[in-house]
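Visitor: Hi! Could you walk me through a couple of features of this model?

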Amino acid sequence: MRRRFQKGTLIIRGKKPTRCGVYREDVLQPNGTFKRIQRCVVLGPVSSLSERAAWKLFQPYLDLVNAEAKSQPKSGMTLEQFVKEWRSSVAVNLKGSTTRAAESHLRAHIIPKLGSLPLTEINTKMVQSFVAYLAIGGRSKKTVENVLLTLSSILRVAKSWDYACGGFTLADITMPREGVKKEQRCFTDEEVGKITAAATEPFRTILSVTSVLGLRIGEVLALRVSDLDFARKIIRVRQSVDAATRNVQAVKSNASSADVPIPSQLADRPRKHLQAHDGKTDLLFINRRGRPFSANKLREKVLHPLLERLGIPRGGFHSMRHGATSALLADGATPAVVQKQLRHSDPRITLGIYGHVVGNQQHDAVENRSARIAKFAA
C-alpha cells in the first residue's frame, strides 16, 4: 500500500462547536502490512479558536505522520522466518519431488544469501545481485532459473497472505549466458535391442516398455494391471512412483496423464509377464516384498552392471526416454506427435530438448538441394 502525504482536514463537531483535525495514519500490523487508520485530534472550541490558530495547532500532528511516511516501510518478517511458515502450511501439500527440489534450493542458495533480509527488501535489484552471485559460482542458466522459480513461488505466497513483501519478475532479470549444452545420452535402437535381449524378467519388460514408449521410469514402475488395455492396444499412464520414497503418487503434470499406444510386438511382453503375476496387488511390477521397485536400485544394481557387461556406454533410464524421442523425430514424426507421445505440456519443451535431432526429412532436403546445385554447376 502506498503511503500518502497527509494534508489533513479541519472539521467542526459536537453540541458545543469544537474544531478538530482529521488525518489518516498508516499503522504497521504484526504481519508486516500497513493498515490505514483515521485519527481525529480535538483542537479547541470554535468560540475561542480561529481557523488559522487551529491549523497552527494541527500542524505538528501532520508533520509527524508525514515524516514517518517518507521512511521506507519495514517488515519484521525475514525471508528465513517466512520460509518456516511456508514449510508448515504449503510445502506439506506439494509433491515429494517438488518439495525436495525447493528444499535443495533453499538450503544451498536462497537461505544462506537472502534468508536474513526482510521480505520488503527482496526486490528486482536484490535478485539481480543474487543471480550474479549464482553465476559467478559456476551454476548453469537452468539451475539459476530453477532457484529463482522457487524464490518467486515463496514470495507469491507471502503476498497472498498479505505480508509486506518485495517481488520480481523473471522478465526483468538478466540471466547468465547459456554455456555449451551437453548432448543428451540417447540409447540407440541397436543398444536397446542388446540390453533387452540380455536382461532377465521382469527387468526385460520394464526396459522394453520404457525404451519403446518413452515413459518415465517412475511411470513404468507405477503401472497397474488395470492400466493395460490389450483390446484397444493402449497403456493408461495415471500415476508414478516417487524415486526417493517409493510412494505411488500422481504423474508429473496434467499432460502426463494420458493413454499411449502399445505396438502388438511390445504388448506380448507384459501379456506374458501377467501370466506369472500373483494377483495380490494391482501393480504390474513388484519386488519380492510386494513393494514397487526402486528406480535407483534398478539403475545401480541391474542396468549399469548390464551395460558394463555388454560394453555399452553408461546411461540411465531417462536415456531410454531420450532415445525413444530422438528415434521418433529422426523417423519424421512431427513435433506435435512426439509431444503427445512424451506427454510434454508444451511443444517447446520437446523441441528445446531434442532440437539437435536431424530427421530423415531434413537429410532428404539438403541432399535434394545439393543435387540441384551440382546439376547446374556441371
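Visitor: Which helix gives the most to the lining of the second largest pocket?
Guide: That's H10, with 4 residues. Do keep in mind that this is a predicted model.

Visitor: Which helices each supply at least two residues of that lining?
Guide: Helix H7 (203-213) and helix H10 (295-310).

Visitor: And how much space lies in the second largest pocket?
Guide: About 470 Å³. The lining is made up of 16 residues, and those closest to the pocket centre are Arg 246, Asn 287, Arg 288, Phe 293 and Lys 297.

Visitor: How does the lining of the second largest pocket split by class?
Guide: There are 7 charged residues, 6 nonpolar and 3 polar.

Visitor: Switching topic: at what angle do the axes of H11 and H12 cross?
Guide: Roughly 155°, and the axes of helix H11 (residues 317-330) and helix H12 (residues 335-342) come within 10 Å. Angles over 145 degrees count as roughly antiparallel, so H11 and H12 are roughly antiparallel to each other.

Visitor: Is that crossing left-handed or right-handed?
Guide: Right-handed, as H11 passes H12.

Visitor: Which residues make the contact?
Guide: From H11 you have Arg 321, Thr 325, Leu 328 and Leu 329, while H12 brings in Val 338, Gln 341 and Leu 342.

Visitor: How do the residues of that contact divide, nonpolar, polar and charged?
Guide: For the contact of H11 with H12, 4 are nonpolar, 2 are polar and 1 is charged.

Technical notes:
Residues numbered from 1 in each chain as written. Predicted model: local features only at pLDDT ≥ 70, side-chain atom pairs only at ≥ 80, totals over all residues. Heavy atoms only, no water. Axes fitted to C-alpha atoms, helices over the stretch in contact; angles between N-to-C directions. Parallel < 35°, antiparallel > 145°, perpendicular 65-115°, else oblique. Left-handed = near helix turned anticlockwise from the far one by under 90°. Contact = heavy atoms within 4.5 Å. Nonpolar A, V, L, I, M, F, W, Y, C, P; charged D, E, K, R; others polar. 1 Å grid on protein atoms, 1.4 Å probe; cavity = no way out; pocket = protein on both sides within 12 Å on 5 of 7 lines; lining within 4 Å. Points joined across faces, edges and corners; volume = space filled by probe spheres on them.
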